[in-house]
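Here is a short report on one protein model, feature by feature. Keep the structure open while reading.

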Amino acid sequence: MERILVSACLMGRKVRYDGGAKTSSDAWLATWRAQGRLVPFCPEVEGGLPVPRPAAEIEDGAGGAAVLSGAARVLASDGSDVTAAFMAGARSALALARSSGIRMAVLKEGSPSCGVLSVYDGSFEGRRTAGQGVTTALLERDGIRVFGEDHLDEAAAYLRTLET
C-alpha cells in the first residue's frame with residue numbers, strides 16, 4: 001500500500017506558528033487516513049522550531065529552491081534567520097519519505113516549508129507569490145510528487161497511477 005506524507009496541521013495537529021491547526025475535512029484525506037496511508041509530519045517542528053513561534057517567510061518570495069541553493073533565507077517576523085531549522089526539517093521529511101518508500105505528499109499551501117504553488121512574499125503583509133516551500137522543493141527535487149490540500153482529486157489520480 002502506498003503511503004502519503006501529509007502536513008501534520010492538515011490532520012488537526014496544533015503545530016502551526018500560531019499554535020493552531022488547519023484541519024482538513026476533505027473526503028480523500030479522511031479515506032486515506034482510514035486506510036492507514038497517511039504519515040503526518042511537520043518539517044518546522046521537526047527542524048527544531050517551537051509552537052508557537054514567530055511567523056516566517058522566504059525573503060523576497062524567492063521560493064524553496066533558492067533557499068536550498070543558499071541564494072535566499074527564511075526569516076521570522078522578529079528578524080531572526082530560521083533557515084537552518086527549515087533546512088533541517090526539509091531534510092528530515094526527505095529522510096522519512098525515503099525510509100518509508102513514500103512517493104507522494106499532500107502539504108499545506110502557502111507555507112514557507114510546505115507551499116506547493118505559492119508562498120508568502122517575505123513582506124509579512126499577507127501577499128503570496130508563485131513558488132514552493134523549502135520542504136516541497138527538496139521532496140520534488142528527489143522525485144516525490146507533492147500536492148497542495150486544494151488539489152486532492154489530482155493527488156488521488158496520481159495515487160491510482162502508483163498502484164497500477
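## The loop between strands 6 and 7

Gly122 sits in the loop that joins strand 6 (118–120) to strand 7 (128–130). The model is a predicted one. With a relative accessibility of 26%, Gly122 is classed as partly exposed. The chain brings Gly122 and Arg73 to a C-alpha separation of 9.9 Å. In sequence, Gly122 and Arg73 are 49 residues apart.

Phe124 belongs to the loop between strand 6 and strand 7. Its backbone deserves a look. Phe124 has a positive phi, near 60°, and is not a glycine. Phe124 is partly exposed, at 32% relative accessibility.

The loop between helix 2 and strand 3 holds Pro52. The peptide bond leading from Val51 into Pro52 is cis. Its omega is near -5°. Ala55 also lies in the loop between helix 2 and strand 3. The relative accessible area of Ala55 is 22%, so this residue counts as partly exposed. Ala55 and Asp18 are 37 residues apart along the chain. Their C-alpha atoms are separated by 7.6 Å.

Next comes Asp60, in the loop between strand 3 and helix 3 (64–69). Asp60 is exposed, with 71% relative accessibility.

## The largest pocket

How much space lies in the largest pocket? About 450 Å³. The lining is made of 27 residues. Nearest the centre of the pocket are Arg16, Tyr17, Gly110, Ser111 and Pro112. Two elements give two or more residues to the lining: helix 2 (43–46) and strand 3 (56–58).

The lining can also be sorted by class. Nonpolar residues number 14. Charged residues number 8, and polar residues number 5.

## Strand 1

Val6 is part of strand 1 (residues 4–7). Its relative accessibility is 0%, so Val6 counts as buried. Val6 and Leu107 are 101 residues apart in sequence. In space, their C-alpha atoms are 5.6 Å apart.

How many disulfides does a search of the whole structure find? The count is 0. Cys9 is in no disulfide. The nearest cysteine sulfur to Cys9 belongs to Cys114, 6.7 Å away.

## Aromatic contacts

The whole structure contains 2 aromatic pairs by this search. One of them joins Phe147 and Tyr158. Phe147 lies in strand 8 (residues 145–148), and Tyr158 lies in helix 6 (residues 152–162). The pair links distant parts of the chain, with its members 11 residues apart.

Phe147 is buried, its relative accessible area being 3%. Tyr158 has a further contact, with Arg145. The charged end of Arg145 sits over the Tyr158 ring, 5.0 Å from the ring centre.

## Helix 5

Why is helix 5 described as largely enclosed by the rest of the structure? Because 6 of its 8 residues are buried. Helix 5 spans residues 134–141. Its buried residues are Val134, Thr135, Thr136, Ala137, Leu138 and Leu139.

An α-helix has 3.6 residues a turn, so residues three or four places apart point the same way. Just after helix 5 comes Gly143, with a positive phi of about 90°.

Conventions
Residues numbered from 1 in each chain as written. Predicted model: local features only at pLDDT ≥ 70, side-chain atom pairs only at ≥ 80, totals over all residues. Heavy atoms only, no water. Disulfide = S-S within 2.5 Å. 1 Å grid on protein atoms, 1.4 Å probe; cavity = no way out; pocket = protein on both sides within 12 Å on 5 of 7 lines; lining within 4 Å. Points joined across faces, edges and corners; volume = space filled by probe spheres on them. Helix = DSSP H or I, 4+ residues; strand = E, 2+ residues; numbered from the N terminus. Nonpolar A, V, L, I, M, F, W, Y, C, P; charged D, E, K, R; others polar. Phe/Tyr/Trp six-rings, centres within 6.5 Å; stacked < 30°, edge-to-face > 60°. Buried < 20%, exposed > 50% of the residue type's maximum accessible area, 1.4 Å probe, protein only. Lys NZ or Arg CZ within 6 Å of the ring centre and 35° of its normal.
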